[in-house]
Amino acid sequence: MRRRRTRLLAALLAVTAAAGCAAGPSVRPALVENDGKTATPGPAKTPGVPLPPLGEPQSPTLKWADCDDDTRQRIGTPGVPDGLHFTCARVTAPLDAPGEPRRSLVRLLALKVGTGPVPLVVVNDVDGDPGTVYAARLAATLPPVFLEKFSLIGLDRRGTGLSGAAQCVPAGIRHDLIDADPAQGGLGDVLDAARKAGQQCAIELDDSQTALDSWRGAGDLDELRKQLGADRLNALGHGDGSKVLAEYAVRYPGQVGRMVLDGVPDPGADTAAVLDAVAAGAQSTLDAFAADCAARRCALGDPKAALTALTDQLRSTPPTGGDGTSFGPGVAMFAVYTGLAQRSRWPELADAITAARAGNTGPLAVFAAPVLQDSRAQPSRIDATIATRCNDSQTRLSADQLDQVVAGMRGKYPQFGAVVAQQLAWCGPWPVRTEPLPAPGAPGAPPILVAATATDPVTPGVGSTRAADQMPSAVTITWQGAGHGALGASPCVTDAARAFLVDGKIPADGTLCPA
């Protein structure tokens with residue numbers, strides 16, 4: 001289970017010193033692209049809709065029931081404080097699948113924790129903890145006074161957690177989807193696994209196969225808002241959870257309350273180009289991980305040399321897990337990539353790589369377990385990830401094109417080029433989106449705080465800033481550190497988010513926070 005957000009927003013209501021935050025100019029500073037070229041800053045933002053006040057719900061219709069025991073069981077150890085109380089409710093929303101608009105409904109699980117009168121909806125990455133678990137973990141890090149101001153509302157996104165989890169990919173195929181060798185070969189095996197996954201998902205999901213996307217996820221949030229009795233949606237998004245909130249702002253600008261988007265994905269329609277930047281971010285994060293390891297004098301030594309030796313070792317004699325699947329170099333590097341995204345787990349990741357070099361791959365396998373393992377309480381995360389991201393994209397490449405892309409990305413990004421490129425193969429056999437991609441922008445929305453992380457292996461800072469540039473009311477604050485997401489990792493960003501959500505204070509656009 002992920003612990004990367006163990007301190008997420010822990011200081012959101014605490015008065016955290018904003019020392020080190022440097023307010024930049026009102027126009028964002030020029031960006032340094034991967035090729036070293038400098039991009040021209042966009043036009044200055046003009047004042048528009050003011051930030052709305054925090055309002056209390058009126059006439060909510062959701063029926064909350066105790067779910068303490070079930071929630072604590074799903075979270076597992078180390079658990080949450082006994083003082084927290086969890087209630088759950090079912091949110092109904094239209095499926096709205098192409099060809100069957102509003103004829104079917106989906107039932108989504110929502111969780112509430114805290115006694116505050118103002119609901120704050122929390123939306124996570126589709127491949128991260130389900131929203132209910134994420135909100136429960138988050139609440140455990142917050143001071144009691146925050147939960148007297150807000151009630152956190154976690155929603156399992158459609159197809160995830162206990163909101164009709166997709167669970168359509170055959171068990172053995174999940175392994176093959178993440179096993180692209182980092183150093184050799186094309187993506188033929190991954191593409192073959194994706195075909196088998198797509199065929200089974202078409203059977204299992206039926207009408208809902210093409211209805212798992214961020215656009216409809218935004219519609220689910222508006223149904224949640226209505227059933228909460230709230231005039232506006234106050235929300236915090238992390239990773240591609242921020243994408244759902246950004247598309248909410250496009251669809252429902254008049255219902256946007258106070259929103260913080262931590263690590264918005266690049267909105268570019270060319271998925272191959274977007275993933276190229278993601279791989280670059282992963283390589284840069286590995287450099288930051290190496291520097292952190294050296295500063296701590298960890299036993300791993302040089303991470304790049306260690307990973308090369310590990311993948312060579314696994315390539316010759318891959319160990320077999322209890323489920324009968326091999327732990328080869330592709331799965332190992334996928335596990336490392338997953339660990340790099342979780343800054344708080346870097347010491348654990350370093351120890352896991354060291355153990356794997358000594359022949360014990362168990363600790364490293366823990367990082368891949370959320371994809372490889374599947375149960376009713378904890379569904380595999382790759383099923384909904386593939387469905388959502390492939391439905392969000394119109395990019396489909398042939399086998400030859402995939403092999404060309406992976407060869408190019410391997411050359412530029414030796415450790416993570418193949419790990420990231422294989423995501424393109426996942427979508428190869430998936431139905432191509434027939435609807436136009438949602439238009440960026442959200443004109444008419446109040447100020448939205450976008451937090452970018454300069455060195456992010458999942459949502460690189462250059463992509464988050466590009467997303468903000470397309471949102472007229474976005475105000476950007478950039479942490480010059482490393483890891484997936486800035487909230488909780490950067491006191492400067494965390495304090496700015498606290499002031500924005502609680503006090504309605506809008507930071508200067510272009511604020512920079514040091515690493």
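Which strands and helices do the buried residues of H7 pack against? In this predicted model, they pack against strands S4 (118–123), S6 (233–238), S7 (256–262) and S8 (448–455), together with helices H6 (214–228) and H13 (382–391).

Let's look at H7 itself. Helix H7 covers residues 240–251, and at 1.5 Å a residue its twelve residues should span 16 Å; the end C-alpha atoms are 17 Å apart, which agrees. Nine of these twelve residues are buried, so H7 is largely enclosed by the rest of the structure. Among the buried ones are Asp-240, Val-244, Leu-245 and Tyr-248.

Asp-240 also takes part in a network of salt bridges that links it with Asp-127, Arg-157 and Arg-389.

Now to the salt bridges, of which the structure holds 26. Three of them are set out here.

| Salt bridge | N to O distance | Separation in sequence |
|---|---|---|
| Asp-127 and Arg-389 | 3.6 Å | 262 residues |
| Arg-174 and Asp-374 | 3.9 Å | 200 residues |

Arg-389 is partly exposed, at 26% relative accessibility.

Arg-381 is buried at 9% relative accessible area, and Asp-129 is buried at 5%.

As for the remaining pair, Arg-174 is in helix H4 (residues 171–177) and Asp-374 in the loop between H12 and H13. Here Arg-174 is buried at 3%, whereas Asp-374 is partly exposed at 36%.

Note on methods: Residues are numbered from 1 along each chain as its sequence is written. This is a predicted model: local features need pLDDT of at least 70, side-chain atom pairs count only at pLDDT 80 or more; totals for chains, interfaces and linings use all residues. Side-chain values use heavy atoms; hydrogens and water are left out. Helices (H or I, at least four residues) and strands (E, at least two) are DSSP runs, numbered from the N terminus. The expected span of a helix is 1.5 Å times one less than its number of residues. Buried means under 20% relative accessible area, exposed over 50%, partly exposed in between (1.4 Å probe, protein chains only). Contact means heavy atoms within 4.5 Å. A salt bridge is a side-chain nitrogen of Lys or Arg within 4 Å of a carboxyl oxygen of Asp or Glu.
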